[in-house]
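Hello,

Here is the structure I promised to pass on to you. Have a look at it first, and then read my notes below.

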Amino acid sequence: MNKIKLLCLALLVSGVEGQGQIYIDSYRFGAAAVSGDLLLNSFPNSEGAWSLRKLDKDYTGDCITIRRASNGDTTNIGFVDNYLDTATLKTFCSGTNCFVRRWYDQSGNGRNAVQTTDANQPTIATAGVIFYKGTTPSLDFDGTNDVLEIPSSTSLFNFIHNGTSSAIFYSGHTDISTANYFLGSNATSGGNRGHTLGQDPTHNLFIGVSGGSWNAFFNSGNNAISTNNIIISALFDADNGTAANRLLAYINGSSTSFGTNTQTAAISTSNANFNLQLGSAGNNVARLNGGIKEVIYYSTDQTSNRTAIRNNLNTFYSIY
């Protein structure tokens, strides 16, 4: 009898307010609580890490700052047992829409992704209902206005294109099969310095790394992007003498890189042309119509760790 009462209480607490239905946060109630070392404890020294889950057991900050449409009030949402505090989020957003003003960097570098213009903030809840893609929450970008930017970051992520080994791990989805981009700092142009990750007009994974001309360019060429959640693992060695080794990209659990880079143009160690943006290719162009759950940057070679990091993401997000 006590077990039944506890189950009923859990259902009531996790219900969606005002919707006449019950929603269980399965990523919290359906799985054991995360304990011990988290991803950034096992694979430290990230240059930037934004996620809707806790990535470092020693991180004491918040996850996101949100704004509700009903009165413009804002609040910080943190973590409970290493998961996004959805209970507080639901209470604050009850009956209204909520948007993300700041996504906190958990790397320890303070590189928070921000958007101070209300109309350009991605959605986290609509009419009090948290946006989920699959079993976990996601930021929802509208493909028109929404974007988050890491201020004063033109020099912070040039390790992607300045010849050092580096890596990006990404989890999210796209809602359309035409061109839109997940993140970037060069506005999709090979004439700009920086990098871009997204999908091209024919739904193929696209990654461009530029030092003033394309010095690593990747196109999967096989409709690899899905409107379902995906994990992308990208490994960069932008001045490698072998073109095929300059850029390796993997989708979900694949052990084979999609496509082959053929570009060997000279690199540049100069800063990116634009600040890094999440939900855009940079400079507010080619914005994402879809969602982002997690982005992690490394300025070091993660070849030997790629599978383990990817598996860590998949264990949490259950994508493949």
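**What I found**

Asn-284 is partly exposed, with a relative accessible area of 38%; buried here means under 20% relative accessible area, exposed means over 50%, and partly exposed is in between (1.4 Å probe, protein chains only). Before going on, please note that this is a predicted model, in which local features need pLDDT of at least 70, side-chain atom pairs count only at pLDDT 80 or more, and totals for chains, interfaces and linings use all residues. Residues are numbered from 1 along each chain as its sequence is written, and side-chain values use heavy atoms, with hydrogens and water left out.

Back to Asn-284: its phi is positive, about 65°, although it is not a glycine. As background, most residues other than glycine have a negative phi. Asn-284 sits in the loop between S21 and S22. Helices (H or I, at least four residues) and strands (E, at least two) are DSSP runs, numbered from the N terminus.

Ser-280 is found in that loop too, between strand S21 (277-278) and strand S22 (289-298). Ser-280 is buried, at a relative accessible area of 0%. A polar atom of its side chain lies 2.9 Å from the backbone oxygen of Val-285; a polar contact is a pair of N or O atoms within 3.5 Å, where, within protein, one must be able to donate a hydrogen and the other to accept it, and residues adjacent in sequence count only if both atoms are side-chain atoms. Not counting residues up to four places away in sequence, Ser-280 touches several others, including Val-147, Tyr-181, Phe-182 and Arg-287. Contact means heavy atoms within 4.5 Å.

Ala-187 also has a positive phi without being a glycine, near 55°. Ala-187 belongs to the loop between strand S15 (180-184) and strand S16 (193-199), and it counts as buried at 13% relative accessibility.

Now to the cysteines. A disulfide joins Cys-93 to Cys-98, with an S to S distance of 2.1 Å; the rule is a pair of cysteine sulfur atoms within 2.5 Å, and by this rule the count comes to 1 disulfide. The torsion about the S-S bond is about -115°, so this disulfide is left-handed. Cys-93 is buried at 0% relative accessible area, and Cys-98 is buried at 0% as well.

Cys-93 is also one of the buried residues of helix H4 (residues 86-93), together with Thr-86, Leu-89, Lys-90 and Phe-92. These residues lie on the same side of H4, because they cover an arc of only 165° around the axis, taken from the directions from the helix axis to the C-beta atoms. Just after H4, Gly-95 takes a positive phi of about 75°.

The largest nonpolar core has 54 residues, and Ile-64 and Trp-103 have the most contacts inside it. Such a core is a set of buried Ala, Val, Leu, Ile, Met, Phe, Trp, Tyr and Cys residues joined through side-chain atoms within 4.5 Å. Strand S19 (residues 230-237) gives the largest share of this core, 4 residues. Apart from it lies another core, of 18 residues, among them Tyr-83 and Tyr-250.

Finally, confidence: the chain averages a pLDDT of 88, and 89% of the residues score at least 70, where pLDDT is the predictor's confidence in each residue, from 0 to 100. Over residues 1-24 the pLDDT is below 50, and it stays under 50 over residues 29-34.

Best wishes
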